[in-house]
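Walk through this structure with me, one site at a time. The chain is shown below.

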Amino acid sequence: MTGRPEPTPLALDRGHALELLRQMGLIRRFEEKAAELYSRGKIRGFLHLYIGEEAVAVGAMQALTPEDNVVATYREHGQALARGIPAGSLMAEMYGKANGCSRGRGGSMHFFDVSRRFYGGHAIVAGGLPIAVGLALADALQGRPAITACFFGDGAVAEWEFHESLNLAALWRLPVLFLCENNLYAMGTALAGHQSQPDIRRKGEGYGVAADAVDGMDVVAVEAAARRAAAHVRDGGGPFLLEARTYRFRAHSTADPELYRSRDEVERWKQRDPIALYTARLREGGLAGDADLRAIEASAEDEVAGAVRFAEAGPWEPVEDLARDVYAERA
Ligand SMILES: Cc1ncc(C[n+]2csc(CCOP(=O)(O)OP(=O)(O)O)c2C)c(N)n1
Ligand SMILES: [Mg+2]
């Protein structure tokens with residue numbers, strides 16, 4: 001993939017086409033609201049927004065079944081919503097309420113929902129990769145046909161866990177779909193400042209891991225590439241490294257003055273807003289009209305408003321529970 005990619009032709013049925021837009025729109029609205037609630041002090045701690053990258057989580061998640069496992073990073077609101085975790089339990093988690101998906105103990109960076117096989121939310125850069133390999137090893141040993149999708153950033157590629165994980169997954173032919181969300185920055189360090197070989201897809205070669213790269217601003221292209229990659233993994237081909245080239249429109253986190261990139265650069269990428277691009281294509285292709293778009297926006301608005309009500313109404317964990325889960329019960 002070089003230069004500006006051509007969009008993948010739209011060959012979607014209307015229901016699916018609109019569902020992709022609904023999911024991306026929900027993530028965008030959820031995070032805009034989260035940013036607002038953060039500035040009002042309702043949400044505290046760190047908050048890493050995914051705005052601009054929605055097509056990656058939504059596209060990739062289409063290739064997974066409910067039996068598959070998902071492991072993500074601290075920038076995981078999009079993956080969690082696309083996996084179908086209710087927005088209310090995520091918002092309550094960010095509030096620190098006991099009705100949150102991690103009972104309010106994790107916050108924005110530590111969403112967890114074992115019933116949906118969503119295994120984090122990890123604050124340690126690259127910390128999710130060995131966990132994904134472990135989940136895939138467990139599935140392989142127990143003869144379950146599931147695959148494990150592991151999302152991580154370009155910054156994780158500089159960590160040892162990336163290399164050990166690719167090596168072991170390839171050596172043992174484990175069913176892991178490694179999904180690198182290359183948004184060109186690891187906090188304030190540009191990709192070229194932390195990688196001697198910035199073509200991340202090529203990192204697979206040294207480990208014998210099949211790899212591909214895709215335009216992460218094109219949800220249809222991401223879905224197609226993720227489906228090909230997941231099929232390779234499911235069919236026993238071993239792990240796959242898929243690099244999605246994307247961009248975050250907001251700061252790294254709520255504590256980042258963004259001194260490392262120019263406004264022009266951000267504005268240029270905003271011209272490729274995955275939601276705006278996709279909406280335009282749906283309109284051109286006759287797959288969505290004004291009424292559809294209004295209905296999708298209204299449903300996102302309602303869902304997020306409901307999530308805030310759920311979080312506001314949620315209980316705080318009682319003080320007596322302070323030390324619960326700190327030590328394991330003696331068996
Ligand atoms: C092991 C480790 N080192 C450093 C940090 C501090 N840190 C938090 S996010 C981040 C950048 C990671 O960038 P990337 O993997 O590209 O993900 P992105 O934030 O761009 O989604 C760093 C260095 C950390 N959390 N864990
Ligand atoms: Mg990054």
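Arginine 173 sits in the loop between H6 and strand S3 (176–182). The model is predicted. Arginine 173 is not a glycine, yet its phi is positive, about 50°. Its relative accessibility is 55%, so it counts as exposed, the cut-off being over 50%.

Alanine 126 also has a positive phi, about 75°, and is not a glycine either. This residue belongs to the loop between H4 and H5. Is alanine 126 buried or exposed? Its relative accessibility is 7%, so it counts as buried.

The loop between helix H4 (87–95) and helix H5 (128–141) also holds glycine 121. A cis peptide bond links glycine 120 to glycine 121, with omega about 25°.

Now turn to the metal. Which residues supply the protein donors of the magnesium ion (ligand 2)? They are Asp154 (OD), Asn183 (OD1) and Tyr185 (O), lying 2.1 Å from the ion. Aspartate 154 and tyrosine 185 link distant parts of the chain, 31 residues apart. Aspartate 154 is in the loop between strand S2 (148–153) and helix H6 (160–171), while tyrosine 185 is in strand S4 (residues 185–186). Both residues are buried. The donor spacing in sequence reads D-x28-N-x1-Y.

Aspartate 273 has a relative accessible area of 14%, so it is buried. Leaving aside neighbours within four places in sequence, aspartate 273 contacts Arg28 and Phe249. With arginine 28 the link is a polar contact, side chain to side chain, at 3.0 Å. Glycine 52 is 221 residues away from aspartate 273 in sequence, but the C-alpha to C-alpha distance is 6.1 Å.

Definitions and conventions. Residues numbered from 1 in each chain as written. Chains lettered and ligands numbered in written order. Predicted model: local features only at pLDDT ≥ 70, side-chain atom pairs only at ≥ 80, totals over all residues. Heavy atoms only, no water. Buried < 20%, exposed > 50% of the residue type's maximum accessible area, 1.4 Å probe, protein only. Contact = heavy atoms within 4.5 Å. Polar contact = N/O pair within 3.5 Å; in protein donor to acceptor, adjacent residues only side chain to side chain. Donors = N, O, S within 2.8 Å, 3.2 Å for Na, K, Ca; no water. Helix = DSSP H or I, 4+ residues; strand = E, 2+ residues; numbered from the N terminus.
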